[in-house]
Amino acid sequence: MSIVVSGIRATGQLHIGNYFGAVANFLRMQEQDQCYFFIADYHALTTHPDPAALKANSRTVLAEYLACGLDPEKVTLYYQSDVPETSELYMLLNMQAYVGELERCTSFKDKVRKHPENVNAGLLTYPVLMAADILLHKGQFVPVGKDQEQHLEMARNFANRFNHFYQTETFPEPYAYNFSGALVKVPGLDGTGKMGKSEGAANAIYLNEDPAAVKKKIMRAVTDSGPTEPNSPVSEPIANIFTLMGLVSQPETLQHFQSAYADCSIRYGDLKKQLAADMEQFLGPLRERIKEFSANQALLDKTALMGAEKARESARKTLTEVRQVMGFR
Ligand code: ADP
Ligand code: TRP
């Protein structure tokens, strides 16, 4: 049984990218591993949310985790901020993290480019906080999407550096994980790049989005002018639609449209209508469950309380060991 740790930032509703990049793996792993899944509400602070929004977003992620099928009896499900040991380990690990390597991190450079007015120290040390989340439970596998690969590499570096400096084997090396073998990048609807909350509302399909809105977004997804000769290469926007189809449609459906592309008989209107219908098949039941869990405050509270207790127990053990190794009384 391996130790698995992962989290999603409390910045809003979950989308299809979060589901297939992260949550689908959580569901598999909860059946076989010792899992710690949390709502990364500390990480959400880098963009300075107002308290009401932070609270609402955190609650949404918890309700959606449950709606997706995470079972709080099988996994430890908690709010990051309910486990203050996280911040202690974060502070201690900061001493092993070099400013140069943090500045070279791709996600940091991206944020600096996009928001030069808000380059706070929390943004710089984001990967250290993430490493603390993982190492707090001695995590070995971390189900995340492709975009998190570099953060995991940094977490391994911090773990190894700590072990080496203190001549211990306190931390295992954590690895990014997806059950299909390769880490996934779910594309958005705008023709390029990944689906994400920050890429504009039309780019992402949310788990709790109403059917008409989902259909409208899909029908407006970027395409190209169509294949001009048999077996022509597939452009990025069309490849992206095929990728989304691969996630929610039957394999024969995808094959049908791929063949139609190859022999130039494809009609993008039909392709999108089919994707919208299959997406609804997937989202419909999920939407109902999100509604149920969102309305059950007592259950959300009970889940968070139970999760915090279990997470703190594991965290305290690690911190006791870390403090001893480092030479604290
Ligand atoms: P977002 O990128 O929308 O802000 P988060 O950063 O909170 O979402 O991501 C939470 C988890 O979902 C991470 O494991 C991340 O890798 C995964 N994820 C987010 N978007 C995608 C995507 N388009 N494809 C695959 N995984 C994704
Ligand atoms: N950085 C991750 C993201 O943006 C969220 C996250 C925070 C995380 N701490 C984590 C993921 C620990 C895995 C493990 O998606």
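Is R316 buried, partly exposed or exposed? R316 is partly exposed, with a relative accessibility of 44%, where buried stands for under 20% relative accessible area, exposed for over 50% and partly exposed for what lies in between (1.4 Å probe, protein chains only). We will come back to R316 once a few conventions are in place.

This is a predicted model, in which local features need pLDDT of at least 70 and side-chain atom pairs count only at pLDDT 80 or more, while totals for chains, interfaces and linings use all residues. Residues are numbered from 1 along each chain as its sequence is written, chains are lettered from A and ligands numbered from 1 in the order in which they are written, and side-chain values use heavy atoms, with hydrogens and water left out.

**Stop 1: E85 and its arginines**

Select E85, R312 and R316, which are linked in a network of salt bridges. A salt bridge here is a side-chain nitrogen of Lys or Arg within 4 Å of a carboxyl oxygen of Asp or Glu. Start with R312 and E85, whose closest N and O atoms are 3.1 Å apart. R312 sits in helix α13 (residues 297-326) and E85 in helix α3 (residues 85-94), so this pair ties together parts that are 227 residues apart in sequence. Helices are DSSP runs of H or I with at least four residues, strands are runs of E with at least two, and both are numbered from the N terminus.

Now bring back R316: its salt bridge with E85 has closest N and O atoms 3.9 Å apart. This pair, too, links distant parts of the chain, with E85 in helix α3 and R316 in helix α13, 231 residues apart. If you colour by accessibility, E85 is buried at 9%, whereas R312 is partly exposed at 27%.

The structure holds 12 salt bridges. For another one, select E149 and K146, where the closest N and O atoms are 2.9 Å apart. E149 is partly exposed, with a relative accessible area of 37%, and K146 is partly exposed as well, at 39%.

**Stop 2: ligand 1**

Show ligand 1 and the 18 residues around it, taking a residue as near when one of its heavy atoms lies within 4 Å. R9, H15, G145, D147 and V186 come nearest.

A polar side-chain atom of D147 is 2.5 Å from an oxygen atom of ligand 1. The backbone takes part too: a polar backbone atom of M195 is 2.8 Å from a nitrogen atom of the ligand, and a backbone N or O atom of K197 lies 3.1 Å from one of its oxygen atoms. Taken alone, ligand 1 exposes 530 Å², and the protein buries 95% of that; accessible areas come from the Shrake-Rupley method with a 1.4 Å probe, and for residues only the protein chains shown count as cover.

By class, the shell has six nonpolar, seven polar and five charged residues. Here Ala, Val, Leu, Ile, Met, Phe, Trp, Tyr, Cys and Pro count as nonpolar, Asp, Glu, Lys and Arg as charged, and the others, Gly among them, as polar.

**Stop 3: ligand 2**

Move on to ligand 2, which has 13 residues around it; H43, Y126, M130, D133 and Q148 come nearest. Zoom in on Y126, where an N or O atom of the side chain is 2.8 Å from a nitrogen atom of ligand 2. The side chain of Q148 also has an N or O atom 3.1 Å from a ligand nitrogen, while a polar side-chain atom of R9 lies 3.4 Å from a ligand oxygen. The protein covers 91% of the 360 Å² of accessible area that ligand 2 has on its own.

For the shell, highlight β1 (3-9), β2 (34-40) and α7 (126-135), each of which supplies at least two residues. Helix α7 gives the most, with four. The classes here are seven nonpolar, four polar and two charged.

**Last stop: the cysteines**

How many disulfides does the structure hold? It holds zero, a disulfide being a pair of cysteine sulfur atoms within 2.5 Å. C68 is buried, at 7% relative accessible area, and C105 is buried at 1%.

Technical notes. A polar contact is a pair of N or O atoms within 3.5 Å; within protein, one must be able to donate a hydrogen and the other to accept it, and residues adjacent in sequence count only if both atoms are side-chain atoms.
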